[in-house]
Amino acid sequence: MKRIGVFTSGGDAPGMNAAIRAVVRAGIFYNKEIIGIYRGYEGMIEGDFVPMEVRSVSNILQRGGTILKSARSKEFLTAEGRTKAYEQLKKHNIDGLICIGGDGSFTGLHNLYKEHNIPCVCIPGTIDNDIPGTDYTIGYDTATNTAVNAIDKIRDTALSHNRLFFIEVMGRDSGYIAINSGIAGGAVAVIIPEEETSIDELIEKLNATGTQNKTSSLVIVAEGGKSGSAMEIAQRVKEKFSYFDTKVTILGHLQRGGTPTYFDRVLASKMGVAAIEGLDAGQTDVMVGIVHQQVIFNKFEEIMSQPKDIRKDDLRIAKILSI
Ligand code: ATP
């Protein structure tokens, strides 16, 4: 393998730049040519390619976002779109691919591999931490730290006015950001997609802590929760529970940006090097993971056949500490 294409795809995540840098530098270290593909599968279909040098990735380690840009491509969902992408890769003599993205991006890569047999490795980059086969995905740690910083600030105002705040965090169908920002931010309750929480249960909890002279209460709501959005939950609670002045804050996209934490930079650096070394050693149709500090390569089928469950112990700890 001589020329490897690297791209970022799906939702952007802090630390993607650190992963691009690691892929480029490790690739060059092992005498490969590295080609950057702009805008994920969209740019692959259009042939939006750029050769990457050691200095193309200077000064990006500490920057959020992705210098290669990210995109969602409808055309790549079709076999015709993937054939167009493959033709572009062939035209540019690209004989290996490294994708940095979430499970959707990995599915796209797998389909391209099945149809056109191009060797490929995926690096899990998503703030949601919703992919099995790795303890953490790139961006999750930074996003959770951002959420915790925001929660701390909201607590100051909640304390000053005896307010009940509902804070909505990202994570799509995964409660990882919610449960851990809830533990770190001292939430009275955390509502996550993996667990049913009825409004009555929540009110009971708020009543119980209210009678224990709690002067401010923060409820963390994961965006993909089955009980509704933070706005809807707050509305329903307010109807039954008028003691507190109820407010809602949706943290939204600020969780995607910002300087990646040391943890995400190191994770991205390790995964980038592992992706190059894995591809060189014949790994294909796999996702790099780090489990118990060991690099592993997960086959596509293994990843897709298991859900990434929330750690039950995290839930237990959040409950114990929120009395
Ligand atoms: P995040 O978890 O951060 O949203 P993601 O990689 O899961 O990231 P998606 O929007 O699901 O984000 O996928 C990114 C892109 O991957 C899609 O726009 C599409 O081009 C491609 N893709 C997703 N699923 C498939 C599929 N089944 N077949 C081919 N391509 C796919």
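The centres of domain 1 and domain 2 lie 34 Å apart, taken over C-alpha atoms. Welcome to this predicted model, where the protein chain splits into domain 1 (3-139 + 260-304) and domain 2 (140-256).

**Where the domains meet**

- Domain 1 brings 19 residues to the contact, and domain 2 brings 13 residues.
- Together, domain 1 and domain 2 bury about 1,200 Å² between them, with 49% of that area on carbon and sulfur atoms.
- Ile127, Asp128 and Asn129 account for 44% of the area that domain 1 buries against domain 2, more than any other three residues.

**Polar and charged links**

- Two salt bridges are counted between domain 1 and domain 2.
- Asp103 pairs with Arg172 in a salt bridge whose closest N and O atoms are 3.8 Å apart.
- There are also eleven residue pairs in polar contact between domain 1 and domain 2.
- On the side of domain 1 that touches domain 2, you will find seven nonpolar, six polar and six charged residues.

**Around the ligand**

- The ligand is surrounded by 19 residues, of which Arg72, Ser73, Gly104, Ser105 and Arg172 are the closest.
- Arg172, the salt-bridge partner of Asp103, also places a polar side-chain atom 2.9 Å from an oxygen atom of the ligand.
- The backbone takes part too: a backbone N or O atom of Gly104 lies 2.9 Å from a ligand oxygen atom, and one of Gly102 lies 3.0 Å from a ligand oxygen atom.
- Taken alone, the ligand exposes 630 Å², and the protein buries 85% of that.

Conventions: Residues numbered from 1 in each chain as written. Predicted model: local features only at pLDDT ≥ 70, side-chain atom pairs only at ≥ 80, totals over all residues. Heavy atoms only, no water. Domains from an automatic or database assignment. Contact = heavy atoms within 4.5 Å. Buried area = accessible area lost by both parts, 1.4 Å probe. Salt bridge = Lys/Arg side-chain N within 4 Å of Asp/Glu carboxyl O. Polar contact = N/O pair within 3.5 Å; in protein donor to acceptor, adjacent residues only side chain to side chain. Nonpolar A, V, L, I, M, F, W, Y, C, P; charged D, E, K, R; others polar. Near = heavy atom within 4 Å. Areas by Shrake-Rupley, 256 points an atom, 1.4 Å probe, with all protein chains shown as cover.
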